Amino acid sequence: MPRPPIAINNFEVILIEMIQVYNVSMSYKEDIEVLHEINFEVKKGEFVFLVGTSGAGKTTILRLLYRELVPTSGHIVLAGQNLSQISRSQIPYLRRRMGVIFQDFKLLPNKSVQENVALAMKVTGTKRPQIRQQVDQLLHQMSLVHRKDALPEDISGGEQQRVAIARAMANDPVVLLADEPTGNLDPKLSLEIMHLFESFNFRGTTVMVATHDLSLVQQLGKRVIRIEDGRTVED
Amino acid sequence: MWYLFEESFSNIRHGGFVSLLSVMIITLTVTIGSALILIGNYLRGQIEDLKEEPAIIVYIKDSVGESEGREFRSQIEKIEWAAAVTYVSKEQALEKGERMFGEFGKTLTDGFADSNPFPASLDIYITETLLPPEKLSQLVTQLKSFPQVEDVTHEQDTSEFIHKVETVLLGLAGLMGGASVIIVCFSIMLTAYFRREEIRVMRLVGATYWYIRVPLIAQGVFLGFIGSLTGILSFYTLYRIFVPRVSDMQFIPFDQLGLILIGGVLLGLLGSIAPIRRYVNV
């Protein structure tokens, strides 16, 4: 059984493993185990698909990675930090180094497209001119400049998806986690989104995409971690 | 800083009726608090006047001679709370009566040339500005038990009334203060509840606990500030309308107004320490 390494903060450059999951089990209630002794490692700069049917435990793994949940047993080390050992006050700083694209996007309905993207930078205390510059650049990259003042309800599902991606990339994260990012998109748009992720990955961001779309996974030919009934069945 | 203002105002705007209710209740508290201070100031003035007058007057029987009366005075002086005791002879009492009745005084005292009806007395000034009423009654009973004493009069009614008014007003101000804190607390909790999804997203993208908490605290402080300012203005209006008709009470001085304003802000601050942890802990 591999042992978790000692957490090393602020020495990211020497890290080879970006995500390390050791014997992680997770139960929401005492008798219902959602994950059972999951083990995998993701190297810095890798692109990984987390696949499995609905309810297999993919979303739970991602929620454990961004520390919304704490495993019942086992350890998760992310960018050198053991997530079981970090204090509640350290969690925001961990999340600032990650970009998360949620299955339901989690866009704020009363804020415009550019305000939603800016939110991730605003909470870190970034100065306004810097936020404006980065947001403009991201909106341009996501072809959303013409929609920047629109509210989420006034744009299409594909556009909402791109807003969520832009927000996730706003702080130049070291890890990008995406939960079913192509859930409601047509195959062409889905592939476009994947190419976007590839471009982020090419620039050094470690990418983990949870999906049940196997055809998309096959088209890209990346590493696959398969989860079934809360267990790792293939890596 | 800009974020703080932006978020606080947005919270207040979204709070709608509850924000308005918070401001109204603080306004009411500050108005009642100001009335308490105004009455308190007036009562303190009255107490100062009372201080000039003897708290207890012991009338001595006519059968008791002057030397005996002065001896009695030394006896009374030994009693606890008796700060000073003055012996007023029958002649001095007559002069006092003459002064009291002004232009008719002379006519009056001329009539009493042969038999002076004014009794000699001991004017007792007490150590405490206001003795507790029960202590005062006790002291009066003690004085009445002396054989030289004809009668005893004292300021019991005034002191009792002042104590009662102070207690009622303090109780009322306490209740209003408590209600203000609860309403502001409710307003902040409601804001956190309405914005729970937004707070959750902010937490998930890396907002710290205090990044979310500080605008909510500022919201409470702002509600407190606006409420107390409105309260002072309302009270000033009421003062201008009613007080000159019934009394010559002076309006609250500026330093006390400053304290009232700080008090209102503190009520808002206390209310902002609402239990919102469950919405923030994501």
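This is a predicted model: local features need pLDDT of at least 70, side-chain atom pairs count only at pLDDT 80 or more; totals for chains, interfaces and linings use all residues.
Biologist: Let's start where the chains meet. How many residues of chain A are in contact with chain B?

Modeller: Contact means heavy atoms within 4.5 Å. By that rule, 18 residues of chain A are in contact with 18 residues of chain B.

Biologist: And what area is buried between chain A and chain B?

Modeller: Buried area is the accessible area (1.4 Å probe) that two parts lose on being put together, summed over both. Here that comes to about 1800 Å², with carbon and sulfur atoms giving 56%. On the chain A side, Arg95(A), Lys106(A) and Val123(A) lose the most area to chain B, together 30% of what that side buries.

Biologist: How do I read a salt bridge?

Modeller: Side chains of opposite charge can pair when their charged atoms come close. The rule asks for a side-chain nitrogen of Lys or Arg within 4 Å of a carboxyl oxygen of Asp or Glu. There are 14 salt bridges over all chains, and 2 are counted between chain A and chain B. Take Glu68(A) and Arg200(B): their closest N and O atoms are 2.6 Å apart.

Biologist: Which residues join Glu68(A) and Arg200(B) in one network?

Modeller: Arg63(A) does, through salt bridges that share partners. Within chain A, Lys106(A) also meets Asp104(A) in a salt bridge, at 3.3 Å from N to O.

Biologist: Why does Lys106(A) count as buried?

Modeller: Buried means under 20% relative accessible area, exposed over 50%, and partly exposed in between (1.4 Å probe, protein chains only). Lys106(A) counts as buried because its relative accessibility is 12%.

Biologist: Can you show me a salt bridge inside a helix?

Modeller: Helices (H or I, at least four residues) and strands (E, at least two) are DSSP runs, numbered from the N terminus. An α-helix has 3.6 residues a turn, so residues three or four places apart point the same way. In helix 3 (residues 66–77) of chain B, Glu66(B) and Arg70(B) lie 4 residues apart, about one turn of the helix. They form a salt bridge, with the closest N and O atoms 3.0 Å apart. Glu66(B) has 38% relative accessibility, so Glu66(B) counts as partly exposed; Arg70(B), at 39%, is partly exposed too.

Biologist: Now a strand, please. Which residues point one way from strand 6 of chain A, and which the other way?

Modeller: In a regular strand the side chains alternate between the two faces of the sheet. From strand 6 (residues 98–101) of chain A, Met98(A) and Val100(A) point one way, Gly99(A) and Ile101(A) point the other way, and all are buried.

Biologist: How many bridges join strand 6 to strand 7 of chain A?

Modeller: Two strands pair if DSSP finds at least two bridges between them. Here 4 bridges join strand 6 to strand 7 (residues 175–179), and the two run parallel. Within this pair, Val100(A) stands opposite Leu177(A).

Note on methods. Residues are numbered from 1 along each chain as its sequence is written. Chains are lettered from A and ligands numbered from 1 in the order in which they are written. Side-chain values use heavy atoms; hydrogens and water are left out.
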